[in-house]
Amino acid sequence: MFEHSMNGTTRTALLKMWRSCRVRTVILTGTGRLCTTNAAKPPSSSGHSSRHQAEKQRRRREREEAILSNQDTKSADNKAVNWSSKQRILYSAQTPPGTKKDTSLPFPASYSPDYVESSWYQWWEKEGFFSPEQHERLSHAVDQTFSLCIPPPNVTGTLHLGHALTVAIEDSLVRWRRMQGHRVLWVPGCDHAGIATQTVVERRLWREQAKRRQDFTREEFLQEVWKWKNEKGDEIYHQLRKLGASLDWSRACFTMDPDFSRAVTVAFVRLCDSGLIYRSEGLVNWSCALESAISDIEVDSKELPGQTMLSVPGYENKVEFGTMFSFAYPIEGHNVEVEVSTTRPETMLGDVAVAVHPDDPRYQAVHGKQCRHPFNNRLLPIITDPVVDMKLGTGAVKVTPAHDHTDFLLSQRHSLPRLTVIGGDGTMTPSCGQWLEGVKRFDARHLVVDALVEKNLFRGKKSHATTLPVCSRSGDIIEPLLKKQWFVHCEEMAKKAIQAVEDGQLEIIPHYYTKTWKNWLSNISDWCISRQLWWGHQIPAYQVELPNSTDKQEEQWVWGESEGEARQRAAVKYGVKPEAITLTQDPDVLDTWFSSGLFPFAMLGWPEQTPDLQQFYPNSILETGSDLIFFWVARMIMLGTELIGQLPFKQVLFHSLVRDKYGRKMSKSLGNVIDPLDVIQGVSLKRLQEKVKEGNLDPREQLVAMEAQRKDFPEGIPECGTDALRFALCLHKMQGEDINLSVSQVLSYRHFCNKMWQSLRFTLGVLGKHTTPVEKLEETTRLSSMDRWICSRLYSTVLRCEQAFELYELHAVTAALYSFWVHNLCDVYMEHVKPVLVQEDEGAVVARSVLYHCVSVSLALLSPFMPFITEELWQRLQPFSPEPAAQSSLCLQPYPRSSQLVHWHFPEEEKDFLLVQEVIRVARSLRSQCGMTKEKPVIWAVCTPSQAKVLLHFGSAVWTLSRISSLQIYCPDTVDPLLSAHSASPPKGSLVGLVDHTCQLHLHVQSGMNVDNQILQLCKRRDKIIPKLDEILYRVGSPDYLTKVPAHIRQQMDNKVSALQQELKTIKDQLKVLHDTQTTQ
């Protein structure tokens, strides 16, 4: 048997190794050992978790190294934002706030966000365009309601790009429904953010007055918080206005407003009355730095790959984490021991048992026996429970119910006592003994291990991957503590929430979240709603002290909407006179998420039966980030159903998370948060780096954050404007993978804004030169082939917008609108119509009307996404309108409907023009290859008769857009006399461009052309294609290609191979022609 002894030399060496942090694993052998390290094999589940943590940590390190590396990445997406400063044009007219902007001023030469965004929002707001009451004034009003609330941001902070995504999506939906004639209500609000606000104010008081919260009375401190809120709390509202959010500001609510506070009180009282809120002792997430319980959402999981030194608030030196400590408990009456492992040896003073698995053969002989605690002499029973993982560590675990969630459940099943050994301030309690009392918990860790070494019970330590719970507000390590708190029974409410989805009463979009919804709610635990703060809604519960009561009596509580009501309730409950009762209100406040969960109906005036509540509840939809599915959405569903008897909304729309371009979640703790106003207005690199320094970042994280900024924004962030930012955000598929947003993408849509601006300059120039009025849309019918094509493309675009909006696929709407404006309207139709408009004939009159309606309808389609530039341009277009506008602002105009444009639907024209576009592309390529910049050559098209008819039908477009003098068509073996008249075979020795397998273009190589240069260019192109083709062929030829690569990917690869091979063949043929030409010259 192994005897519990160790000579002094061994003990001293071990103690020295422990203190120097060099102990890896200490193996002590002996027949008395009940477990050895050889038996410890990680189970599959634990192994998977460790591998997952290691993989996430590896990816994070790779991202950080990529940022810190001096090497430039090859990906175009990862390049720095390159931009040149644009002239800022300012709107200088004297326009008092709230009056309409003067659009009769000269049209600026280029787009400037400053100019465009000036004055419009103040006018919209003052005119009441965003209130549901304006619905009655709409000529196209329909009897439908669309209502929602903005997820209330914390009053302490500023919005980041994640908030901007929420605003862009919600405002697009709101503006779309408003333009459709719906009665729309979108309510703004702010959350009081209990912990965050109190922390900010405490820091301010310490910085400015060197005072702590405890130096004030509660009332004095709350006055300081309100003072801060009144000074700083409107910053978020300013950001929302800058983002163009069409919120009804007359209904803005703050969760600490009197009416909202009453709603919170009533909700608490009613839930207590129904038995859904109860007071009990339970384990909570405790922040020792804040000395408060915090919610799950405020706990960050910090993954450690192993031994790691971290800074902890209140400690001068870094603290070691990610280490597994092992020590032994002697078994009473036997000369053997049980070895246990823990990452938290300081909690062993609160151990009340040792647990093993009932089927573990190593411990069969000790079931029911007891261990002797080395420091307090308590006897700890050895219990059996199937929750113990036999393969983890030694298979024996210490049970500390007052400081571990799993152990707390064990204590309930086995009726074990619960000993609290760490207090709310993070120091060891008197029950630990004088040697530890008052010592900070992580300092106590060292003392406990030293004492175990002295008693020959320490068995070593080793690196151990772990997940550390960290308070997101203070950076403190979360301490599970046993506290008497108020809890909400969630099980029955959760069942109703699950049933609502299964019955179709509540739709969750995307639908794949329904599985997550059911899984989480099926395993929900009760919700602790007590917070040990001063800022927030003080819990309307009162501890009752009756005459002749003693301190030993159990707590007695009542609740009420006021102290007077609580006193009457206590008098009835305990059968005493009201004046004989002493009431003490619970000093704690309610969890912020409790009040946020009431938002959909409290914002409408509940518990009063207000007109707003009757008209706008339930809300039409809730739109929010997918990370809030449990902490906010589920609680709103449960509370709304319980308190109102109705679901708070009919649909839940989740959008993806916004990440930086390196794939990292945007977080203050990483220093990669971008203020949307910095993208809208522009900001210098210096100011960006100052913001990082103002944060409370770890030195390495600060280095990574600042280096990322230096690489990404060497010249700062350019002024992109609100419209470009909103459009860029909505172009991402929100119902899928997370969004990796780069400022370069936003900048590209500022260029789109300029494209729109220049298009209007051209359109206004065309319209202003003629006195002939524009025809009404429904009367514009005498159309040329190109008019028919662009009108049909407009119809198809409107139809696509209708369909995608109904499915909340905003990326599809924005993509369709961008494609129409840039690729159809600007690149094709406007270029084609320029020579047409010069003529003073009927075709020019029709073309002007078509151009006007294409631009006007497109502006209305884009208005929900780009409210500022579309309003500016639409207002300037109005003097040329064939009829008065229905409304004074574009944001209230009817949203275009496909039914209005059905007379413009020509599907065959759209289909045929696809060939025309390919011909134009190949013709331009041939001209480029020949170095023709100004010349307009003759081109021959060798094609089928059906293709020839299409090219003849769109002949003028082909000539104009290909920049050729004529298109000669040759159809071999045709019998059509019309085509025969146009048929002429191309000259020999021509350069050939392939349109498709039935259509080729031929361009005769002219004398004087730089043949040598052409040969050089073609050879360079060939030399680029060959290695690319070889690489693809190598991948295609790999042994596991057919089994591992999906069929659709294989098809894409086959198409690439065919295209590259065909291009190589064309280059080969063209080189032959050029070499022959070179020889003859």
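Visitor: Why are H5 and H22 called roughly perpendicular to each other?

Guide: This is a predicted model, where local features need pLDDT of at least 70, side-chain atom pairs count only at pLDDT 80 or more, and totals for chains, interfaces and linings use all residues. Residues are numbered from 1 along each chain as its sequence is written, and side-chain values use heavy atoms, leaving out hydrogens and water. Helix H5 (residues 161–179) packs against helix H22 (residues 722–730) at about 90°, their axes 9 Å apart. Angles of 65 to 115 degrees count as roughly perpendicular, so H5 and H22 get that label.

Visitor: Which residues of H5 and H22 make the contact?

Guide: With contact meaning heavy atoms within 4.5 Å, H5 brings Leu161, Ala164, Leu165, Ala168, Ile169, Asp171, Ser172 and Arg175.

Visitor: How many nonpolar, polar and charged residues does the contact of H5 with H22 have?

Guide: There are 8 nonpolar, 1 polar and 3 charged residues. Asp, Glu, Lys and Arg count as charged, while Ala, Val, Leu, Ile, Met, Phe, Trp, Tyr, Cys and Pro are nonpolar and the others, Gly among them, polar.

Visitor: Where in the chain is confidence lowest, and where highest?

Guide: pLDDT is the predictor's confidence in each residue, from 0 to 100. Helix H1 (residues 8–19) is lowest at a mean of 46, and strand E2 (residues 183–187) is highest at 98. Over residues 1–50 the pLDDT is below 50. The chain's mean is 87, with 91% of its residues at 70 or more.

Technical notes
Axes are lines fitted to C-alpha atoms, for helices over the stretch in contact, and angles run from 0 to 180 degrees between N-to-C directions. Helices (H or I, at least four residues) and strands (E, at least two) are DSSP runs, numbered from the N terminus. Angles under 35 degrees count as roughly parallel, over 145 as roughly antiparallel, 65 to 115 as roughly perpendicular and the rest as oblique.
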